[in-house]
Amino acid sequence: MLFAFGLSFVTLLVVADEGGALVSPAPVETAFRALKRNASGKFELADTADLARVRIKQPDFWFIARSEKGEIIEAGDVPDIYRGMSGVLGRMTYSDIRDDGPPSHYLAVIRRMTNEEGTFTVFGQGTLLSQPSLILSFSRLFVAPMLVLLALVTIFGVPRIVNRAIRGISDLARETDEIDIAHRSHRLAETAVPSEVRPLVRGINSALHRLDQSYGQHQRFILDAAHELRTPVAILQARLDLLACGPERDRLVSDCERISALAEQLLDLQRLEANARPFTSVELVALCRTVAADLAPLAIDEGYDLSFEQNTEQSLIQGDAASLERAVTNLVQNAIEHAGNQGVIVVRVEPDGVIEISDDGPGIPEAERQRVFEAFYRLKPRDRGAGLGLNLVLQIAERHNGRISILTSPTGGACFRLAFGQARI
């Protein structure tokens, strides 16, 4: 902006100065500052050092001043063509007079000036002012305002311009928060970002596409592997049933059941993601009562009492009934496996979409309560299970915008708490 303004200003001066030279009023202003009243009350030019320097540079310097009262002061040899000007100076305020060219005997300026003695119209010999000098003088005059303008633009304008330019980047940053394992197909928008950033956005979208493809291949591999495992496991179980009873057969049957459970849990994880059915209204009281009734024989067979409690008449949420039933089933089966084959397992439905499954077992240390939801993590080595049940429960809870936490039951055992407050009807 400063460069453009300076270039325009210099161009204007060059174009406007048709005569090739400008008149400087500096000698006349110097003479005016030397204007004083003498002892007799008349005006005269005092012999100041500045005025002496003017007369050295311009030996033929002349000067006329007229006060508001009509007093005339003349100094130097006034050119003949200007001698009649003293009588009409009171009607003039400003003028620059130039000759056609060198030797420029008739250069003159007229100015209206004021000092402690009053207001005067002064008329005197000027001097040539070169364009570089004029440009330098005007630069001093305009640089400060331009710097102030640039400072104001920097303080107020630049932040608005930059914020407007990077607004798309801020929106882009918010979009990245939507990218997760459940929304792998999401891509970043390219239209609202500066053109300099678009190659980066395209690179990120390309990387997301490749990751999505790789993850899909990985998931399909797990799904196919789990399906393929079911047939040989079923054949193996059939052949084990033909063996004579004994400790070795029981050991092999247990290992086979463990492989079968792993395959089924892997299939459950894939079904949860692949078969994302639309949510419908689910009544948690009826769902938990059904699960408790179905698992009661298994719990009793393992040495537990299984109890169902409801602290609300009805608890409706939006969700997938099949996956919610699977989550509650996994939590009850987890209690059956880890609660020490004694005590009571309680399935409880609380108001506001809350389900609790508690037991009388040894509980889960606080340091381990987050890790038990990791895939294949096991608090203690067991002959049964593969460590995927609680991970499946976590994924089901997250898919329903719920959360799962582990508390300590009143008897010291573990209490798994599923909360679906955001999905409540």
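# Briefing: cores, aromatic pairs and helix packing

At 2% relative accessibility, I110 counts as buried, where buried means under 20% relative accessible area, exposed means over 50% and partly exposed lies in between (1.4 Å probe, protein chains only). The model is predicted, so local features require pLDDT of at least 70 and side-chain atom pairs count only at pLDDT 80 or more, whereas totals for chains, interfaces and linings use all residues. Residues are numbered from 1 along each chain as its sequence is written, and side-chain values use heavy atoms, with hydrogens and water left out. The protein chain comprises 425 residues, of which 36% count as buried.

**Overall architecture**

- Nine helices and 16 strands make up the secondary structure of the protein chain; helices (H or I, at least four residues) and strands (E, at least two) are DSSP runs numbered from the N terminus.
- Of the contacts in the protein chain between residues at least 6 apart in sequence, 62% join residues at least 24 apart; a contact means heavy atoms within 4.5 Å.

**Surroundings of I110 and M92**

- I110 is located in strand 7 (residues 108-115).
- Apart from residues up to four places away in sequence, I110 touches M85, L89, M92, T93, Y94, S95, T121, V122 and F123.
- M92 belongs to the loop between strand 5 and strand 6, and its relative accessibility of 26% makes it partly exposed.
- With neighbours within four places in sequence set aside, M92 contacts M85, I110, R112 and T121.
- M92 and R112 are 20 residues apart along the chain, with 7.9 Å between their C-alpha atoms.

**Nonpolar cores**

- The largest nonpolar core holds 40 residues, and V332 and F416 touch the most other members; such a core is a set of buried Ala, Val, Leu, Ile, Met, Phe, Trp, Tyr and Cys residues joined through side-chain atoms within 4.5 Å.
- At least two residues of this core are supplied by each of helix 7 (284-301), helix 8 (321-338), strand 13 (344-350), strand 14 (354-358), helix 9 (389-399), strand 15 (403-408) and strand 16 (414-419).
- Helix 7 provides the largest share of this core, namely eight residues.
- Not counting residues up to four places away in sequence, F416 touches L331, N334, I355, E356, I357, I364, F373, L390, I404, S405 and I406.
- A second, separate core contains 20 residues, among them V23, F63, A75 and M113.

**Aromatic pairs**

- Seven aromatic pairs are found in a search of the whole structure; rings of Phe, Tyr and Trp (its six-membered ring) pair if their centres lie within 6.5 Å, and planes under 30 degrees apart count as stacked, over 60 as edge-to-face and the rest as tilted.
- The F32 and F120 rings have centres 5.9 Å apart and planes at 65°, so this pair is edge-to-face.
- F32 lies in helix 2 (residues 26-33) and F120 in strand 8 (residues 118-125), so the pair ties together parts that are 88 residues apart in sequence.
- Both partners are buried: F32 has a relative accessible area of 6%, and F120 has a relative accessibility of 1%.
- W62 and Y82 form a tilted pair, with 5.3 Å from centre to centre and 35° between the planes.
- This pair links distant parts of the chain, 20 residues apart: W62 is in the loop between helix 3 (49-57) and strand 4 (63-67), and Y82 is in the loop between strand 5 (72-75) and strand 6 (94-97).
- W62 and Y82 are each buried, and together with Y106 and F123 they form one aromatic cluster.

**Helix packing**

- The axes of helix 7 and helix 8 come within 10 Å and cross at roughly 40°; axes are lines fitted to C-alpha atoms, for helices over the stretch in contact, and angles run from 0 to 180 degrees between N-to-C directions.
- Helix 7 and helix 8 are therefore oblique to each other, given that angles under 35 degrees count as roughly parallel, over 145 as roughly antiparallel, 65 to 115 as roughly perpendicular and the rest as oblique.
- Helix 7 and helix 8 make a right-handed crossing; a crossing is left-handed if the near helix is turned anticlockwise from the far one by less than a right angle, and right-handed if clockwise.
- On the helix 7 side, L284, L287, C288, V291, D294, L295, L298 and A299 meet A321, L324, E325, V328, T329, V332, Q333 and I336 of helix 8.
- Helix 8 also packs with helix 9, at an angle of about 145° and with the axes 9 Å apart, and this crossing is left-handed.
- Here S323, L324, R326, A327, N330, L331 and N334 of helix 8 meet G389, L390, L392, V393, I396 and R399 of helix 9.
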